[in-house]
Amino acid sequence: MEGINLNQIGVSFKGSGSYVPNQILTNEEISKKVDTSDEWISSRTGISQRRISGVSENVSEMGFKAAFAAIEMAKWDIETIDLIILATSTPNDLFGSAPCIQAKLGANNAVAFDLTAACSGFLFAVITASQFLKAGSYKRAVVIGSDQLSSYVDWNDRKSCILFGDGAGAIAIEATNELDNLIGFTMRTDGQRGSFLNLPSQNNQDLIIDNINYSSGGFSTIEMNGQEVYKFAVREVPLIIANLFKKTNFNSEKINWLLLHQANQRILDSVGDRLNFSSEKILSNLSNYGNTSAATIPLMLDEAIRNKKIKENDIIATSGFGAGLSWGAALIRWG
Ligand code: UT7
């Protein structure tokens with residue numbers, strides 16, 4: 001599914017917010033648990049530390065705090081919000097965690113639902129929400145990316161446990177009859193390569209009665225072929241962004257910021273190189289938070305907006321990529 005908006009109705013971006021848990025887990029501390037080192041993790045990934053949710057925190061609690069901050073920045077009356085989409089792969093309720101955020105916010109007029117597309121989830125959710133707004137169905141939407149991967153990491157697997165952390169980010173999007181600030185987008189899925197990164201269900205078989213069996217629900221831990229995911233990212237992400245540039249008549253010189261899913265600093269640098277972005281334009285906060293899945297893009301976005309790096313009308317090329325495999329790109333004008 002892809003589209004470049006030529007309609008009269010567009011969207012504008014009104015606010016951002018984020019939240020990270022207080023607990024900090026450093027590389028030094030991880031190397032007490034598995035056979036690794038700060039030097040190995042920093043040089044191979046760019047990550048120094050990550051945040052870990054406490055036992056009383058969960059995806060909707062973190063998502064609520066991020067959404068609240070975004071709504072405050074937008075100066076919206078809570079009652080005027082029509083739509084809440086929560087991108088997450090680690091819901092605290094498999095029936096949906098977005099309704100819990102809706103209730104905490106008191107956003108009584110909003111329909112709220114979850115969307116799962118792993119690390120592409122936030123981008124896919126922004127594009128999904130924008131379609132409702134551009135179609136004229138709704139006026140105001142809050143899109144949240146919140147993930148608690150620490151609950152599903154195998155903390156004995158040094159090949160994956162070093163990468164992930166917890167957090168949430170959100171943005172407030174509004175329909176407008178003026179300039180469309182979602183300039184263009186592309187979304188892709190390749191289920192054939194899905195086995196490179198999974199968080200599969202793990203079922204126990206049992207009998208309900210003598211001749212009726214069933215599987216009880218549950219999940220395993222994250223299974224990742226790091227090298228294959230790395231190769232996928234450095235090949236597909238530059239291609240999808242270059243394609244979008246071609247369709248929208250943009251190039252790296254016309255773009256203020258490259259905002260990629262924060263997976264690995266080497267991926268960010270390689271994609272930036274291939275697209276001719278100077279390093280100052282590549283946004284990164286990986287060092288502090290690691291890979292927070294659906295939360296990385298809004299977490300980085302909010303940080304750059306609040307420290308006044310990203311300014312009104314700046315053009316951002318953004319791309320999410322990960323499990324599915326799924327990936328996508330969008331060109332956004334902030335404001
Ligand atoms: O949202 C998407 C999520 N996933 C990703 O973004 C993953 C993308 N992939 C990556 O970021 C990288 O592939 C990793 C950081 C996961 C791994 O880096 P790499 O440079 O691809 O390492 P490797 O898997 O090729 O392993 C090289 C060596 C191996 O040892 P041998 O076989 O050469 O003796 C590993 O056993 O490094 C070893 N190794 C480690 N050593 C110390 C793997 N993990 C560690 C570790 N500490 N944590």
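Predicted model: local features only at pLDDT ≥ 70, side-chain atom pairs only at ≥ 80, totals over all residues.

## A loop to start with

Where is the place of Y152? Y152 sits in the loop between β7 and α6, where helices (H or I, at least four residues) and strands (E, at least two) are DSSP runs numbered from the N terminus. Leaving aside residues up to four places away in sequence, Y152 touches T90, L199, F219, S220, T221 and I222, with contact meaning heavy atoms within 4.5 Å.

Residues are numbered from 1 along each chain as its sequence is written, and side-chain values use heavy atoms, with hydrogens and water left out.

## Two domains, face to face

The protein chain is assigned domain 1 (10-179) and domain 2 (183-192 + 222-333); bounds like these come from an automatic or database domain assignment. Taken over C-alpha atoms, the domain centres are 16 Å apart. Contacts link 45 residues of domain 1 with 40 residues of domain 2. The two domains bury about 3,400 Å² between them, and carbon and sulfur atoms give 65% of that. (Buried area is the accessible area, with a 1.4 Å probe, that two parts lose on being put together, summed over both.) On the domain 1 side, C119, L123 and F124 supply 18% of the area buried against domain 2, more than any other three residues.

How many salt bridges join domain 1 and domain 2? The count is zero, where a salt bridge is a side-chain nitrogen of Lys or Arg within 4 Å of a carboxyl oxygen of Asp or Glu. Polar contacts do turn up: 16 residue pairs across the interface, both residues at pLDDT 80 or more. (The rule wants a pair of N or O atoms within 3.5 Å; within protein, one must be able to donate a hydrogen and the other to accept it, and residues adjacent in sequence count only if both atoms are side-chain atoms.) Elements giving two or more residues to the domain 1 side include β2 (10-19), α5 (121-134) and β8 (166-176). The largest share comes from β8, with six residues.

## Around the ligand

Which residues come nearest to the ligand? Of the 21 residues around the ligand, they are T36, R44, Q227, H261 and N264, with "near" meaning that a heavy atom of the residue lies within 4 Å.

The structure holds nine salt bridges. In one of them, the side chains of K104 and E61 meet at 2.7 Å, N to O. K104 lies in helix α4 (residues 98-105) and E61 in helix α3, so this pair ties together parts that are 43 residues apart in sequence.

Two backbone spots deserve a look. The peptide bond from G324 to L325 is cis, with omega near -10°, and L325 lies in the loop between β15 (315-322) and β16 (326-333). K75 has a positive phi of about 60° although it is not a glycine; K75 is in the loop between α3 and β5 (83-87).
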